[in-house]
Amino acid sequence: MNSDHFSVGFMGLGLIGGSIARTIRRVHPESIIYGFDTDKESGQAALNDGVLNHFFEEFDERLAQCDIIFLCAPVSVNISYLEKLKGLVSGQCLITDVGSVKSPVQEEVRRLELEPQFIGGHPMVGSEKTGYANSNDRLLENAYYFLTPSENTQFHLSARFSSFIQGLGALPVTLRPKEHDFITASISHVPHIIAAELVHLVRRADHNNGMLKQLAAGGFKDITRIASSSPVMWEQICLNNSENIKEILQRMVTDLQQVISELDEHNGSFINDYFKSAGEYRDSVPDHSTGLFDKIHKLYIDIPDEPGTLATAASQLAFNHISIKNIGIVHNREFEEGVLEIILYDEESCAKAAQVLKERNYTVHIR
């Protein structure tokens, strides 16, 4: 495989697979990219976009020509693909996956004696939106990309793949599979469960003609955004990383029981420290790189309730060639500042929009 003339296969063309394929096409335009997916529409869209050279609706032996194969389906499906690939691809073909659970896949790789040519992978990117239609060729930029080679992985493959991932704009981080699974359970899997449970709490309490649903818009909907992620994907993740998830959930249950106990005792100092220490740790989390949750670039401005004020603010941005992704009035501002919410496409647009509006004497709050 040289720097540009190589072949890549994708088993699955959803958000992650589609985004990696798009990125490879942008960075390595001369590469040959094969795609396999049970969703014919996704494959046809990728062909129409010029991302794929060839699309297969069924497993195809032409995948044997690939230098790299990305497994981008749910965990159990990726595991089933491994056996089909064994004996088909050469020993120099790198096989990798993109799932957020590594141990079950690694066990199957070991059983099939594919360790020398397999490197587990997990780009720390995502969104509540799914499918090829929501993929883009910049999703990997400045995102951590976990790599989990085994002790038996060919060293030159590990080195080349790490360099390859870096060339796509991501930041490779090497971990052991078990270490990876505990980390992702902590910062991704359990938070998704918590977001879903918060929604269920409000749903179960919403007996007054949907009043809670109406009033919960704004901050509540923002902090529970990830609850809208693919249920099929999260079923697979939870079942395949259940031990780590259960351990962390049990810690949470213990912590919440302590909060209940301290509330019974009216222990103000505990409650104060509870929120203070959480705030300090949260504020120390860097926001300069992409994480598992898709970052939303938004700002809020204060505007009077008068005809034309919303259109005037939007026109100022349009005049300065700043594209708006979404705009709307915030009715529930318990957790937000500003009456008008403007969502931009990227960090650069957000900063430029804030500067333009401030220069025109708007009070701007950047999220």
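Both faces of strand β1 are covered in this predicted model. Ser7, Gly9 and Met11 point to one side and Val8 and Phe10 to the other, and all of these residues are buried. Because five of the five residues of β1 are buried, the strand is largely enclosed by the rest of the structure. Strand β1 pairs with β2 in the parallel sense, over five bridges. Within this pairing, methionine 11 stands opposite phenylalanine 36 of β2.

The sheet to which β1 belongs is open and contains eight strands, arranged in the order β3-β2-β1-β4-β5-β6-β7-β8. Its pairing is mixed. The edge positions are taken by β3 (54-56) and β8 (171-174); each has a single partner strand, and therefore one side of each is left without a neighbour in the sheet. From one strand to the next, the twist averages 25°. At the β8 end of the order, strand β7 (residues 144-149) runs parallel to β8 and is joined to that strand by four bridges.

Charged side chains were examined next. A search of the whole structure finds 15 salt bridges. Among them is the pair formed by lysine 102 and aspartate 97, whose closest N and O atoms are 3.2 Å apart. Both lysine 102 and aspartate 97 are buried. A further salt bridge links arginine 110 to glutamate 115, with a separation of 3.7 Å between the closest N and O atoms. The two partners fall into separate accessibility classes: arginine 110 counts as partly exposed because its relative accessibility is 45%, whereas glutamate 115, with a relative accessible area of 11%, is buried. The latter value lies under the 20% limit for a buried residue.

Arginine 360 and glutamate 359 also form a salt bridge, and their closest N and O atoms are 3.7 Å apart. Arginine 360 is partly exposed, with a relative accessible area of 32%. For glutamate 359 the corresponding value is 51%, so this residue is classed as exposed, the limit being over 50%.

Leucine 201 is placed in helix α6 (residues 177-205). With a relative accessibility of 49%, leucine 201 counts as partly exposed.

Backbone geometry was considered for two loop residues. Most residues other than glycine have a negative phi. Asparagine 142, although not a glycine, has a positive phi of about 60°. This asparagine lies in the loop between β6 and β7. Asparagine 142 is partly exposed, its relative accessible area being 44%. Histidine 266 likewise has a positive phi, of about 55°, and is not a glycine. Histidine 266 is located in the loop between α10 and α11. At 73% relative accessibility, histidine 266 counts as exposed.

The loop between α10 (242-264) and α11 (268-284) also contains glutamate 265. Because its relative accessibility is 60%, glutamate 265 counts as exposed. Glutamate 265 and glutamate 243 are 22 residues apart in sequence, and their C-alpha atoms are 34 Å apart in space.

Definitions and conventions
Residues numbered from 1 in each chain as written. Predicted model: local features only at pLDDT ≥ 70, side-chain atom pairs only at ≥ 80, totals over all residues. Heavy atoms only, no water. Pairing = 2+ DSSP bridges. Axes fitted to C-alpha atoms, helices over the stretch in contact; angles between N-to-C directions. Buried < 20%, exposed > 50% of the residue type's maximum accessible area, 1.4 Å probe, protein only. Salt bridge = Lys/Arg side-chain N within 4 Å of Asp/Glu carboxyl O.
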